[in-house]
Amino acid sequence: MKTFTVEVTQVVTVELDETKFDEAFLAEFRKHFYRFDDIDEHAKHIAQLEARGLITGWPVFIEGYGPTEDMGIKATAVVESIEIVKEYANG
């Protein structure tokens, strides 16, 4: 048996409707989910959800944001590279 350590690099494009991320939304989100202070942190969070394949279904609904179409959220992931960084035999 062999074990591989594989590095997968992705680039995720995230579009957000800034008007939806007003102070009232940000305060409510912080109260129930994560202590994000600005839209940049939301973009990073949504990007990692997309990269991990957690944004699925139709209509797309993201916990804490609701339907992505209503919030003006779009996220697209592209696999940039896949590389074996370590390979070793077990046993």
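Biologist: On what conventions does the predicted model rest?

Modeller: Residues are numbered from 1 along each chain as its sequence is written, and side-chain values use heavy atoms, with hydrogens and water left out. Because this is a predicted model, local features need pLDDT of at least 70 and side-chain atom pairs count only at pLDDT 80 or more, while totals for chains, interfaces and linings use all residues.

Biologist: What percentage of the residues of the chain count as buried?

Modeller: Buried means under 20% relative accessible area, exposed over 50%, and partly exposed in between (1.4 Å probe, protein chains only). Among the 91 residues of the chain, the buried share is 23%.

Biologist: Which residues have the most contacts inside the largest nonpolar core?

Modeller: A nonpolar core is a set of buried Ala, Val, Leu, Ile, Met, Phe, Trp, Tyr and Cys residues joined through side-chain atoms within 4.5 Å. The largest such core has 14 residues. Helix 1 (23-32) and helix 2 (39-51) are the elements that give two or more residues to this core, and the largest share, 3 residues, comes from helix 1. The residues with the most contacts inside the core are F21, F25, I62, Y65 and I73.

Biologist: With which residues is I62 in contact, leaving aside neighbours within four places in sequence?

Modeller: Contact means heavy atoms within 4.5 Å. I62 is one of the residues with the most contacts inside the largest nonpolar core. Its partners beyond four places in sequence are L49, I55, T68 and I73.

Biologist: Why does T68 count as buried?

Modeller: T68 lies in helix 3 (residues 68-71). Leaving aside neighbours within four places, T68 is in contact with V60, I62 and I73. T68 counts as buried because its relative accessibility is 9%.

Biologist: Is R30 buried or exposed, and what is its relative accessible area?

Modeller: R30 lies in helix 1. Not counting residues up to four places away in sequence, R30 touches E23, R35, F36 and D37. The C-alpha atoms of R30 and G64, 34 residues apart along the chain, are separated by 9.7 Å. R30 is buried, with a relative accessible area of 17%.

Biologist: Is R35 buried or exposed, and at what relative accessibility?

Modeller: R35 is found in the loop between helix 1 and helix 2. Beyond four places in sequence, R35 is in contact with R30 and E41. R35 and V6, 29 residues apart in sequence, are 32 Å apart in space, C-alpha to C-alpha. R35 counts as exposed, at a relative accessibility of 66%.

Biologist: Which residues does E7 touch, not counting residues up to four places away in sequence?

Modeller: E7 is found in strand 1 (residues 2-15) and is partly exposed, with a relative accessible area of 43%. E7 and E18 are 11 residues apart in sequence and 33 Å apart in space, C-alpha to C-alpha. The residues that E7 touches are S81, I82, E83 and V85.

Biologist: How far apart in space are A27 and D37, C-alpha to C-alpha?

Modeller: A27 has its place in helix 1 and counts as partly exposed, at 36% relative accessibility. A27 and D37 are 10 residues apart in sequence. Their C-alpha separation is 8.6 Å.

Biologist: Which peptide bond is cis, with omega near -5 degrees?

Modeller: P59 lies in the loop between helix 2 and strand 2 (61-62). The cis peptide bond is the one from W58 to P59.

Terms used: Helix = DSSP H or I, 4+ residues; strand = E, 2+ residues; numbered from the N terminus.
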